[in-house]
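Let us walk through this structure step by step. Keep the sequence and the 3D view at hand.

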Amino acid sequence: MHHILLNTRYLDPGSGSLLVQLIAAGLVGGFGILAKVFWGRIRAFFKGEKYEPPAPETDDDDLDEA
Amino acid sequence: MNEARVSSSFRDPSGFLFTRKGVLYRQVNQFGAKAYDKFISTGLYEELTQRGWLVAHKEVEVKADNPEIAYRILQPDLVPFISYPYEWSFSQLKDAALLTLEINRLALSKGMILKDASAYNIQFVDGKPLLIDTLSFDIYRKGSAWDGYRQFCQHFLAPLALASLVDVRFMLLSKNYIDGIPLDLASRLLPVKTRFGLSGLNIHIHMHARVQREYADKPTIQNNTGLLTKESLLNMLKGLTQTVEKLTWQPKGTEWGDYYSATNYSDDSLRLKGEVVGSFIDQAKPAKVWDLGANNGLFSREAARRGIFTVASDIDPAAVEKNYLTIKANQEKNLMPLVMDLTNPSPSIGWANQERDAFNARGPVDMILALALIHHLAISNNLPLDTIADYFASISNWAVVEFVPKNDSQVKRLLATRKDIFDHYTEEGFEAAFSRVFKIAAKHPLAGSERTLYLLKKK
């Protein structure tokens, strides 16, 4: 819950909008993450499981310090 | 009221605006403390203000009303006139959009990110867009996407695309949708040609609208981290910038865009009119002026170049666009171009009708200019002269009004296709109507025309 204190987001980014960002970024950047998300979905579908999104790459307190 | 929270300042728990004894302050809450500290310590604040991209502030020792949640109190510099995206010309909205993206890129280089992309966070000062929300910055978390992306598309991209590719009047649609144009609506209205391939509009509007619809009630991505590398995010921002840059609009073909070149005003009579307006301004010495029906701001500049802050409003988006582009090209100061239909000025909108002020509520002002305007109000819009005089007196202490009589060619044109029901539309009728609420301080016939300029002082 640490990140709640660190992060002050208040807008709902919207699931659909997040997904489109991935697509847009995928088209100009790497397709890797996108493939991961969709592959996860497809696999979950065939296994009849509930899809779990990929875990965050970092811990909550592993902030990107510039 | 001595103290009040600014009524539009409620969305973000990081802080809010309030006024006390007429001074505007911004409170930073404990909730936003870490982000605020990083915003200062990384030098982002300094760089943004040096570039003139963000409003400057000073931290002040003012007692908070709610010290248990308060972290800092800031006193931001004041913007001379608050305007809204539905009052901007095309290039104003476009420049505001590009600035938002630029700021986000700079923030990312300092380990921060814009947490929103509201067009209402941008204001114009001296012809340049300026971010006024100091608390729009959050700490960037590695792998996260941009929370403000949807808002950016709704507030900026959709109206710009509609104005550029369908009709510039869609700029006004934002008045109806305070959180930006719904993307499904924009998608339905945009031409078919925008739906193909990997074009920015296809992705950010059409696909965005489709995916939104599909995922409307599915919390598919609970955790906004680990999704995007910073490089991909920067690439996406670059793509958005390119998409916005490609959207253009030429200011022509509207009613007034070529007004001065299309009328038979000679250079001499324009110059004379400017001199008279200037002398009236010198006589009244206003601190702020609103030029109503300013066209491209020719006469607004009589005030602006005297160092007087002047709003140059006009109903015609082409005239306002030309004015804005001129201000920008010549780096002119003290001018604020504004698209405004005076017969239906901006209402107060938003929650409890208190988020965005009506045009009138942003007054009163020291002086209005109403040049070559009265015949449009009285004849085209059937407004009685008394009513016009009352309105002017309600928003201003001084008024410079040009009376354009019936034998003027422009009025003849307005009357050519309709019955003349305007018996009181005479110089005597004008003076009688305005003398009810104003004193005639000066009167100057314009040589070479039938027109008269009046300097009126509110009684």
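Which residues have the most contacts inside the largest nonpolar core? They are B:F137, B:W146, B:F152, B:I374, B:F392 and B:F434. This is a predicted model. The core itself has 119 residues. Helix α3 of chain B, residues 90–109, gives the most to this core: eleven residues.

Take B:F137 as a way in. Beyond its neighbours within four places in sequence, B:F137 is in contact with residues including B:A35, B:F39, B:L44 and B:L48. Its contacts also include B:I103, B:A107, B:M112 and B:L131.

A second core is separate and has 19 residues. Among them are B:A284, B:I308, B:M367 and B:L453.

Now turn to the sheet. Strands of a sheet pair through backbone hydrogen bonds, either parallel or antiparallel. In chain B, seven strands form an open sheet with mixed pairing. Their order is β12-β11-β10-β13-β14-β16-β15. In chain B, β12 (335–339) and β15 (438–445) each have a single partner strand, so one side of each is left without a neighbour in the sheet. Neighbouring strands are turned by 15 degrees against each other on average, direction ignored.

Look next at one pair. Strands β10 (288–292) and β13 (365–370) of chain B pair in the parallel sense over three bridges. Here B:D291 has B:L369 in β13(B) as its bridge partner.

Helices pack on this sheet too. Helix α9 of chain B (267–284) touches β13, β14, β15 and β16 of chain B. The direction of α9 makes about 15 degrees with that of β16(B). Helix α11 of chain B (317–330) touches β11 and β12 of chain B. The direction of α11 makes about 160 degrees with that of β12(B).

Technical notes
Residues are numbered from 1 along each chain as its sequence is written. Chains are lettered from A and ligands numbered from 1 in the order in which they are written. This is a predicted model: local features need pLDDT of at least 70, side-chain atom pairs count only at pLDDT 80 or more; totals for chains, interfaces and linings use all residues. Side-chain values use heavy atoms; hydrogens and water are left out. Two strands pair if DSSP finds at least two bridges between them. Helices (H or I, at least four residues) and strands (E, at least two) are DSSP runs, numbered from the N terminus. Axes are lines fitted to C-alpha atoms, for helices over the stretch in contact, and angles run from 0 to 180 degrees between N-to-C directions. Contact means heavy atoms within 4.5 Å. A nonpolar core is a set of buried Ala, Val, Leu, Ile, Met, Phe, Trp, Tyr and Cys residues joined through side-chain atoms within 4.5 Å. Buried means under 20% relative accessible area, exposed over 50%, partly exposed in between (1.4 Å probe, protein chains only).
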